[in-house]
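Hello,

Here is the structure for you to look over. My notes follow it.

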Amino acid sequence: MEKDTTTQAPITPDITDSAERPTGDPDFLQAALDPGRTGPVQSGEEHRVKIETRDLRIFYGDFEAIKGVDVTLRDREITALIGPSGCGKSTFLRSLNRMNDEIAGTRTEGQVLLDGESILAPGTDLVSLRRRVGMVFQHPNPFPMSIYNNVVYGPRLQARLSRTEADEIVERSLRGAALWDEVKDDLHKSALDLSGGQQQRLCIARTLAVGPEVLLMDEPCSALDPTATFRIEELMIELKEHLAIVIVTHNMYQASRVSDRTGFFLLGELVEFDLTTKIFEDPEDERTDAYVRGRFG
Amino acid sequence: MRRRWLDPRVQEHIAFASLWIVMIVVSLPVVGIMGYMLYRGASALDWQLIADAEEGLLPAIVGTTWLVGLTALIAAPLGVGAAIYLSEYARPGPLLRIIRLAIINLAGVPSVVYGLFGLALFVIMLGFGRCLAAGACTLALLVLPLVISASEEALRQIPAGLREGSLALGASKWQTIRRVVLPNALPGIMTGLILSIARAAGETAPILFTAAFYWLRDPYPNSLFDEIVAMPYQLYVMASEAPGVPIEKKWATAFVLVALVLGLNLVAIVVRARLRRRRW
């Protein structure tokens, strides 16, 4: 299910360490070093609560994949979920837009509140939920159609768009996903001709096009090279100005680079959840400590 | 460590040679049959054979075309619809297993049984009479299992990631099927459909009691409920009952029928090749 990444080496909490940084693209290096960009949330700073889970339990048949998770995810922050393969972090993520419903034999108990309202209640409108809580997957999955049609796919599910409306959505979404400049002359070419990193940004653009409030990202960079990964991370930091981002990652450098808060999952339990700096520098739980230092997993 | 009995490179040569021989053996019958028919029927194989006003095959070719066209029209929506239900909507369970088993068994029913069933249901009970519509309905039943399993296979080939991507954008299940799954499964579905039709074109038993005549005063059908003449039945009667047909003509007729079926198969291959050029 989840592939191992090669980056589970002992972690250096110093996020300005440039060893991981891609080379050869001065713009991105510049952007990375630019002190004006949005920094991580500091201790005591609290954004509005966006999603809250209470005693969330998820079962695959008889197997309890998530064993009672209480967590608060905040607006305009990036929350990283880390943990070894099979610990349930993807399952947890997929419960936030009810993608687990698509897997036969899954059962969810407890509460998931989006802006204080339950999304597990019977009669919840999955269409509007998934438009509010968008998702980007591990493997870039653009539809086998043009770039343009990929972006307007979501909006067109709901309404007939005039040519100008559609054009406007395409440009705004592609700009939002930092892809516009690269593809603006090729909008009607197949999305499958893009590189992996571009495809993933297209998937982000496609999701932005329906105007989500929350963006779920399930290991969005694990199939990408370091440069493409870095662009996505830059993009995430831009996007968190407008929405809440929850990212599952195997790459602890990534978690420490981009996220404001980090949750550590182990065997279906949320072992520890705190500010990212705290998790990586001074975790409370010794299992967290062992994991972020690369002693297991 | 003991040495291998055979050097891997020698093994490779042996494997290649054996598989090559298997290929020859497999393709020999097709080439052989076509060649032999051509050899025996060549002298009768001319424009006269097809177009002769009294005894030409044209009416039978037209009749078969009508028959398989109508069969496709009936079998496609039923078969593709059933496949969509089975692969996209049906929940796994005993009921689904029974339905699948029924479809598999349907594919194993001898074609003469379909013919008798068509006679009972369409010709007699529903009162169609022995006609184009009754024959097409019977043939549609015959190819339905093929169309269903080919379509299901094509739907299964669509990566789960595409479905999830669509659902995650707020698409309903049907929107996902309609806009992402079906368009991309179309090459496979079309291929299955054409191959099924090719099979139907050559079948004799199902149309024996339901549609076909050997000779008609007015051989071209004017309505769905008209009697028709059709290639396989023509050949069957020619070969078994009709007096005074020269042997070359029988062989030539057989050749035309096989050529028709192979032609349809060729179309299927071309369609598949054209539509498969996309990637995920």
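R94(A) and E164(B) join their side chains in a salt bridge, 2.7 Å from N to O. The rule asks for a side-chain nitrogen of Lys or Arg within 4 Å of a carboxyl oxygen of Asp or Glu. It finds one salt bridge across the interface of chain B and chain A. On the side of chain B that touches chain A, α7 (160-168) and α8 (173-202) each supply at least two residues. The largest share, seven residues, comes from α7(B). Helices here are DSSP runs (H or I, at least four residues), strands likewise (E, at least two), numbered from the N terminus.

This is a predicted model: local features need pLDDT of at least 70, side-chain atom pairs need 80 or more, and totals for chains, interfaces and linings use all residues. Residues count from 1 along each chain as written, chains are lettered from A and ligands numbered from 1 in written order, and side-chain values use heavy atoms, without hydrogens and water.

In contact (heavy atoms within 4.5 Å) are 19 residues of chain B and 25 residues of chain A. The two chains bury about 1900 Å² between them, 59% of it on carbon and sulfur atoms. Buried area is the accessible area (1.4 Å probe) lost on putting two parts together, summed over both.

Now strand β8 (residues 244-248) of chain A. Five of its five residues are buried, meaning under 20% relative accessible area (1.4 Å probe, protein chains only). A244(A), V246(A) and V248(A) point one way, I245(A) and I247(A) the other.

Regards

Definitions and conventions: Buried < 20%, exposed > 50% of the residue type's maximum accessible area, 1.4 Å probe, protein only.
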